[in-house]
Amino acid sequence: MQQLWGSRFSKSQDEIAKAFNSSLEFDCKLYSQDIQGSLAHVKMLGCQKILTETEVEKITTALNEIKAEIETGKLVFNPDFEDIHTNIEKFLVEKIGEVGKKLHTARSRNDQVALDLRLFISEEIDKIQNKLLQLIETFIKIQKENTETIMPGYTHMQRAQIVTLAHYFGAYVEMFKRDFERLSDCKKRVTILPLGACALAGTPHNIDRTKTAEILHFPSVGLNSMDCVSDRDFVIESLSDLSMIMLHLSRFSEEMILWASFEFKFIEVDDRFSTGSSIMPQKKNPDMFELIRGKSGRVYGSLLSLLTTMKSLPLAYNKDMQEDKEPVFDAIKTVKDCLSVLIPMLETLKYNKENMLNAVNKGFLNATDVADYLANKGVPFREAHQISGNLVKFCEEHHLTLNELSLEQFKEFYADFDLDIFDKITPMSSLKSKNSLGGCAPDAVKAVISINEKWVSENKKS
């Protein structure tokens, strides 16, 4: 069977070379986008009188039929043809004859495949953003239920200051909001029309690329035909954004793995999202969180592979660029799968609030509150910090907590300590004192929750 480019050749392609060259195994995923782009292209050709109304109608009807027949399994892709574009064009010609060959007027597979991939990524961005909104809503629901659930915050994995579960999870809300917004910004560069650039130099036909962009709801048109067919920045940027999502998912998963351990015992993962051991009957393993953490490397690998592929390519199109699809297909599926399992898992987590509170009572998390108490009395903060540190050292030597000290013991380190110090260093007092915007005080957290609920609502509409 002759390829679309076969007329120039006197020998058939070697079977090993044909298999090596073929992209059909993975780019068949783009059949819907390929047909969508062809429908827009033929409509524009009709508007420009390059094709007759009858030709446009025949091609349009046939393309819609082909799409339906692919989806019902009536049409099966032929591996003898190297890619999805060739297969669909062959289907078209078989269905309506010579007029089907006119569809390829004023385009090349170079600009065609660039369009298909842009359409695909644009659609997948929408799906991932919807999942991110669901995840953020789930976090916000948990926050609203836990604005006074006291727990330790950490630096260097050491207990540091008193926060709440709501405040802790609020940090991830901000991360995933940024991920959502990065994808929105990325989509502006994904939806730039390459069609009409043809192989690399444009076309002598009187096409209207702006019209094609309008049909496809692309806000802009590529302004250099060589860049249109050689650019894969939009794929790399998409993979970068997906990698950031996985970074945040991995960080969250790491914390949940720690929290589920007996060393922390802050949470219990629901049985439906856990596994056991074939030899140790007591085990309940947070495998879903571990898989999410592990799959981050897979997405990073997709980004790195395409950066490496593109780093030395001269203009314009090169066959190396066929390697763009599998990484982005795999990365998108991986991110969607991780979000899909995390949302219900998060909804079913159980929180051991007693253990969280007990952890706050050990480790001198209120030492900074002692320093702030002194600073509010006019003591320079560096001196206040030193006094508080000396108190901690004394407590460690005598196996005490700051709350267990007497006023007399406090006064040994600074004479102006008063009885109100004991009110300032309770967990709730410590929390409520951090009431600036973005702080961990319950009222401050509630204010941010309201801001984020409005953000979710606005982005659902957009």
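Me: Helices (H or I, at least four residues) and strands (E, at least two) are DSSP runs, numbered from the N terminus, so where is His 217 found?

Reply: His 217 is in the loop between α8 and β4 (220-221), and its phi is positive, about 60°, although it is not a glycine. The model is a predicted one, in which local features need pLDDT of at least 70 and side-chain atom pairs count only at pLDDT 80 or more, while totals for chains, interfaces and linings use all residues. Residues are numbered from 1 along each chain as its sequence is written, and side-chain values use heavy atoms, leaving out hydrogens and water.

Me: Is His 217 buried or exposed?

Reply: His 217 counts as exposed, at 71% relative accessibility, where buried means under 20% relative accessible area, exposed over 50% and partly exposed in between (1.4 Å probe, protein chains only).

Me: And what about His 156, which loop is that in?

Reply: His 156 sits between β1 (150-155) and β2 (158-164), and this residue, not a glycine either, has a positive phi of about 55°. His 156 is exposed, with a relative accessible area of 76%.

Me: Which peptide bond is cis?

Reply: The bond from Leu 315 to Ala 316 is cis, with omega near 5°, and Ala 316 lies in the loop between α11 (287-310) and α12 (325-347).

Me: Changing topic to α3, how many of its residues are buried?

Reply: In α3, 12 of the 17 residues are buried, which leaves the helix mostly covered; among them are Tyr 31, Asp 34, His 41 and Met 44.

Me: What covers them?

Reply: The cover includes α2 (24-27), α4 (53-72), α5 (84-96), α6 (109-145) and α8 (209-216).

Me: What length should α3 span?

Reply: The 17 residues of α3 (residues 31-47) should span 24 Å at 1.5 Å a residue, and this agrees with its end C-alpha atoms, which are 24 Å apart; the expected span is 1.5 Å times one less than the number of residues. Just after α3, Lys 49 takes a positive phi of about 65°.

Me: Last one, how do α14 and α15 cross?

Reply: The axes of α14 (residues 367-376) and α15 (residues 381-397) come within 8 Å and cross at roughly 140°, and that makes α14 oblique to α15. Axes are lines fitted to C-alpha atoms, for helices over the stretch in contact, with angles from 0 to 180 degrees between N-to-C directions; under 35 degrees counts as roughly parallel, over 145 as roughly antiparallel, 65 to 115 as roughly perpendicular and the rest as oblique.

Me: Which residues make the contact?

Reply: With contact meaning heavy atoms within 4.5 Å, α14 contributes residues including Val 370 and Leu 374, and α15 residues including Phe 381 and Leu 391.
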